[in-house]
Amino acid sequence: MESIDPQIIVFLLIAGFIAAFIDSVVGGGGLVSLPALLFTGLPPSVVLGTNKIAGTMCSMTSTISFLRSGKIDCRLVAWLFPLSFIGSVLGAYTVRNIPPEFLKPLVVILLVVVAVYTMVKKDWGAESRYAGLTAKTKLLIGLATFTIGFYDGFFGPGAGSFFIFSFLLLGFDFVVAAGNAKVMNFASNIAAVITFLYLDSVNLQYGLIMGTAMIAGAIAGSRLAIKSGTAYVRPLFIGVTSLLIGKQLWDLVMK
């Protein structure tokens, strides 16, 4: 096992905590964790897999926090979990063969739609209006979960926002939508980690160091979200989604 510079360890711990604090609620932690891992000098081909190790530890912790607070629809997510998992496995495997760059313009457009729709509908997600699934909504949420899971394994930025948005469309309030979304993120992260490990595209040391800090960040972030409710989650969701839009636009312009 190679020795790691103590400064790198401290850097990964700080970046991991900040990333998880955000990601535990509305996703978007990759805005912090991916650049941080790249900064350490890891090859880009290994950064995605290493980030998934840390992300899995984060999403698992957030899932437990939301589950304990009763802010997850267990019956629904139990059914959707394998769809996100299978989609992510296929996505992580596909990214080894097809560059994900062509997705960036589409991702920007979709994130803009999500942000604008959420800002326009000011009372959206303030309280739960979920009344179960019809045959149509069951098909749509199943397809959406599989597709977002595939996207999360294949590329990733904004997956948390898309998961939350899909649950908001079903009528959940922001906090339960965030809780459900973290379970889907957990499924897609586990699947991606398994695939990246199989493809030997993970640095376990860096991933576990960052992941340890992410556990602490996820506990702090999810507890604050559960305590503060929609008044906290909604603006954070809009803010992080806007940052994701800016990041993707910047990447496109600077390409």
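Colleague: By class, how many nonpolar, polar and charged residues are in the lining of the second largest pocket?

Modeller: This is a predicted model, where local features need pLDDT of at least 70, side-chain atom pairs count only at pLDDT 80 or more, and totals for chains, interfaces and linings use all residues. Residues are numbered from 1 along each chain as its sequence is written, and side-chain values use heavy atoms, without hydrogens or water. Counting Ala, Val, Leu, Ile, Met, Phe, Trp, Tyr, Cys and Pro as nonpolar, Asp, Glu, Lys and Arg as charged, and the others, Gly among them, as polar, the lining has 17 nonpolar, 3 polar and no charged residues.

Colleague: Which residues lie closest to the centre of that second largest pocket?

Modeller: Its volume is about 540 Å³ (a pocket is an open set of points on a 1 Å grid where a 1.4 Å probe fits, with protein on both sides within 12 Å along at least five of seven lines, and lining residues have an atom within 4 Å of a point; the volume is the space filled by probe spheres on the points). Of its 20 lining residues, the closest to the centre are A144, T147, I148, F162 and S166.

Colleague: Which helix gives the largest share of the lining of the second largest pocket?

Modeller: Helices here are DSSP runs (H or I, at least four residues), numbered from the N terminus. At least two lining residues come from each of α5 (104–120), α6 and α7. The largest share, 9 residues, belongs to α6.

Colleague: And which helix gives the largest share of the lining of the largest pocket?

Modeller: The largest pocket, with a volume of about 880 Å³, has 42 lining residues, and L34, L48, N51, F155 and P157 lie nearest its centre. By class, its lining has 17 nonpolar, 16 polar and 9 charged residues. Helices that supply at least two lining residues include α2 (30–39), α6 (135–154) and α8 (174–198). The largest share, 9 residues, comes from α3.

Colleague: How many residues apart in sequence are the parts that D23 and K182 tie together?

Modeller: D23 and K182 form a salt bridge, their closest N and O atoms being 3.1 Å apart (the cut-off is a side-chain nitrogen of Lys or Arg within 4 Å of a carboxyl oxygen of Asp or Glu). D23 sits in helix α1 (residues 6–26) and K182 in helix α8, so the separation in sequence is 159 residues.

Colleague: Good, and which residue is the salt-bridge partner of K52?

Modeller: A search of the whole structure turns up 2 salt bridges, and K52 belongs to one of them, at 3.0 Å from N to O. K52 is in helix α3 and its partner in helix α6, so the pair joins parts 100 residues apart in sequence. K52 is buried, with a relative accessible area of 9% (buried means under 20%, with a 1.4 Å probe and protein chains only). The partner, at 5% relative accessibility, counts as buried too, and its name is D152.

Colleague: Which residues does N185 touch, leaving out those up to four places away in sequence?

Modeller: N185 lies in helix α8 and, at 6% relative accessibility, counts as buried. Taking contact as heavy atoms within 4.5 Å, N185 touches S59, D152, A159, G160 and F163.

Definitions and conventions. Buried means under 20% relative accessible area, exposed over 50%, partly exposed in between (1.4 Å probe, protein chains only).
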